[in-house]
Amino acid sequence: MSGPTSPHFRIVPVADGVWGAVATDEGFGLCNSGIVDLGDVTVVFDSMLTPQAGADLRAAAERLTGHPVGYLVNSHWHGDHVRGNISFPSVRIVSTRTVRELIETRAVTALESERESVPSELAAIRAPGATLPTRDRTVFEGWFEGILATPKGTVIPAPDLLVEGELVLRGPRREVRVVTFGGGHSPSDVLAYVPDLRVGFLGDLLAIGFHPSVTDGIAAAWVRILDSVRGLPIERILPGHGPLGGLREVGEMQEYLRTLGRLAAAAPRTPEGRRALAATEVPERFGSWTFRPFFLENLLSVYDKLGAGTAPVATGSSAPGGP
Ligand SMILES: [Zn+2]
């Protein structure tokens with residue numbers, strides 16, 4: 001039997017009864033999703049960028065497991081992780097109270113404002129002389145086209161099953177633990193893991209081969225959250241963006257975030273210092289990562305927050321709504 005297919009993701013077996021839906025570069029999924037068979041119902045982790053990708057994801061999950069989706073976990077409020085929620089009617093949506101509030105207050109308006117801004121951003125990356133690496137261009141085009149393909153008036157159902165600390169979703173075959181350690185990548189981040197199979201789903205707390213986005217979060221808090229992640233019983237990890245990985249990549253993400261902190265702290269707190277920082281080259285070890293334009297945005301965001309206290313503020317990056 002051939003597995004389910006979609007232009008928006010490819011299915012990657014992770015363990016017995018666990019799959020990753022890894023976003024294709026050109027599709028309308030943008031983020032990765034996880035699928036876990038509890039034995040009676042299915043858990044899906046993150047719903048992708050568009051209702052179209054979400055619908056394919058739900059169909060794939062139910063076909064792979066033979067069980068209806070009973071729970072959808074939202075790792076955080078960013079659009080590429082929650083706009084597929086609409087394709088999961090009558091499914092309990094699990095996340096924190098903060099994520100619920102951000103979806104109710106910001107996620108829908110973010111979609112509408114992105115619909116306005118995306119045509120000019122698409123024109124910019126397609127302009128003669130645009131310098132984006134080829135893969136970046138493909139991924140950004142898929143992202144922006146996905147926003148334009150999202151039906152007007154799309155609502156984003158908000159979480160209705162709230163987690164504080166930890167919530168266990170238990171079925172006859174296994175359990176999934178849904179956990180929050182607070183906010184690092186965003187004001188509130190949720191992860192999930194399957195203890196008996198040592199599999200974790202980290203949302204955007206981990207990106208592999210992609211620059212993460214730090215502009216809506218706090219790099220230092222993020223590093224501490226990843227310290228907590230290293231204490232969990234997990235080995236194989238599905239990141240929010242990029243291929244399957246493990247704790248080695250968690251360490252790399254921490255090093256990336258610490259590098260931002262070091263570079264930002266070393267820059268003089270003057271307009272000239274900020275200007276010089278804005279000309280920083282992407283360090284060699286992160287040079288091949290996709291979402292290359294995020295590096296300078298991240299660096300300046302960390303620099304600006306050094307002087308402005310550390311309360312997480314949900315500011316959109318110039319790239320719409322996260323990721
Ligand atoms: Zn995100």
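Two strands count as paired if DSSP finds at least two bridges between them. What you're looking at is a predicted model, so local features need pLDDT of at least 70 and side-chain atom pairs count only at pLDDT 80 or more, while totals for chains, interfaces and linings use all residues. Residue numbers run from 1 along each chain as its sequence is written.

Find the open sheet of seven strands first. Its order is S1-S2-S3-S4-S5-S6-S7, and the pairing is mixed. Strand S1 (9-15) and strand S7 (161-162) are at the edges with a single partner strand each, so one side of each has no neighbour in the sheet.

Now zoom in on S3 and S4. They make a hairpin with four residues between them, and Gly-39 in the turn has a positive phi of about 105°. The two strands run antiparallel, joined by four bridges, and Val-36 sits opposite Val-43 in S4. Moving on, S4 pairs with S5 in the parallel sense, again over four bridges, with Phe-45 facing Val-73 in S5. To get from S4 to S5, the chain passes through H1, and this β-α-β crossover is right-handed. That label means that, with the strands pointing away from the viewer, the path from the first strand over the helix to the second runs clockwise. Strand S5 (residues 69-73) also pairs with strand S6 (residues 92-95), parallel and over three bridges; here Leu-72 stands opposite Ile-93 in S6.

Which way do the residues of S4 point? Thr-42 and Val-44 go one way, Val-43 and Phe-45 go the other, and all are buried. A residue is called buried if 20 or more other C-beta atoms lie within 10 Å of its own, exposed if 12 or fewer, and partly exposed in between, with C-beta atoms placed from the backbone. In a regular strand, side chains alternate between the two faces of the sheet.

Next, take a look at helix H1.

Asp-56 is buried because 24 other C-beta atoms lie within 10 Å. Leaving aside neighbours within four places in sequence, Asp-56 is in contact (C-beta atoms, placed from the backbone, within 7 Å) with Ser-6 and His-8.

What about the largest nonpolar core? A nonpolar core is a set of buried Ala, Val, Leu, Ile, Met, Phe, Trp, Tyr and Cys residues joined through C-beta atoms within 7 Å. The largest one has 87 residues, and Val-43, Leu-72, Val-73 and Val-178 touch the most other members. Beyond its neighbours within four places in sequence, Val-43 has contacts that include Tyr-71, Leu-169 and Val-176.

Finally, there's an open sheet of five strands, in the order S8-S9-S10-S11-S12, with mixed pairing. Strand S8 (166-170) and strand S12 (236-238) are its edges: each has a single partner strand, so one side of each lacks a neighbour in the sheet.

Definitions and conventions. Contact = placed C-beta atoms within 7 Å.
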